[in-house]
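Me: I have not looked at this structure before. Please take me through it in short questions and answers.

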Amino acid sequence: MTESIEIAPRGERFFLYTSIAMALTIVAGFGLQLGMGRSSFASPAIVHAHAIVFMGWTALYLAQNVLVARRARTLHRWLGWIGAGWMIAMVVLGTLVTVRLVRAGHAPFFFQP
């Protein structure tokens with residue numbers, strides 16, 4: 001963790017730029033859904049847990065790309081192990097939320113039974 005901070009050359013920043021674009025798109029998309037009234041904070045607790053875990057993953061993904069661009073590979077690898085554990089929570093919550101909302105009939109048309 002005592003690496004010096006060096007910035008990647010411009011041509012090597014593709015993943016950094018795309019991770020920023022992805023994070024902005026996700027925040028804008030969910031913000032739009034909230035603004036249009038299709039989403040609310042009155043959702044069940046499991047939906048909020050799902051949102052926190054998945055937005056946390058988005059932040060972790062962005063952080064990982066920033067670390068690689070700054071050549072802080074030791075910290076990047078350490079956070080990778082956290083991401084591996086995080087994946088378990090994502091799979092479990094994603095499955096639980098999808099099943100619950102499909103059963104309640106509150107899912108997008110492509111998930112309707």
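Me: Is Val-92 buried, partly exposed or exposed?
Reply: This is a predicted model, in which local features need pLDDT of at least 70 and side-chain atom pairs count only at pLDDT 80 or more, while totals for chains, interfaces and linings use all residues. Residues are numbered from 1 along each chain as its sequence is written, and side-chain values use heavy atoms, with hydrogens and water left out. Buried means under 20% relative accessible area, exposed over 50%, and partly exposed in between (1.4 Å probe, protein chains only). Val-92 has a relative accessible area of 44%, so this residue is partly exposed.

Me: Which helix holds Val-92?
Reply: Helices are DSSP runs of H or I with at least four residues, and strands are runs of E with at least two, numbered from the N terminus. The protein has three helices and zero strands, in the order α-α-α from the N terminus on. Val-92 lies in residues 73–104, which form helix α3.

Me: What is the area of the nonpolar surface patch that includes Val-92?
Reply: Such a patch joins nonpolar side chains (Val, Leu, Ile, Met, Phe, Trp, Tyr) within 5 Å, and like charges are joined within 9 Å in patches of charge; members have over 30% relative accessible area and no salt bridge. A salt bridge is a side-chain nitrogen of Lys or Arg within 4 Å of a carboxyl oxygen of Asp or Glu. Areas come from the Shrake-Rupley method with a 1.4 Å probe, and for residues only the protein chains shown count as cover. Met-87, Ile-88, Val-91, Val-92 and Leu-96 make a patch of about 470 Å².

Me: How many aromatic pairs does a search of the whole structure find?
Reply: Rings of Phe, Tyr and Trp (its six-membered ring) pair if their centres lie within 6.5 Å; planes under 30 degrees apart count as stacked, over 60 as edge-to-face and the rest as tilted. By this rule, the number of aromatic pairs in the whole structure is two.

Me: Which kind of pair do Phe-14 and Phe-15 form?
Reply: Phe-14 is exposed at 51% relative accessible area, and Phe-15 is exposed at 52%. Their ring centres are 5.2 Å apart and their planes stand at 80 degrees, so the pair is edge-to-face.

Me: Which kind of pair do Trp-57 and Tyr-61 form?
Reply: Trp-57 and Tyr-61 are four residues apart in helix α2 (residues 45–69), so about one helical turn separates them. Trp-57 is partly exposed at 29%, and Tyr-61 is partly exposed at 28%. With ring centres 5.3 Å apart and planes at 15 degrees, the pair is stacked.
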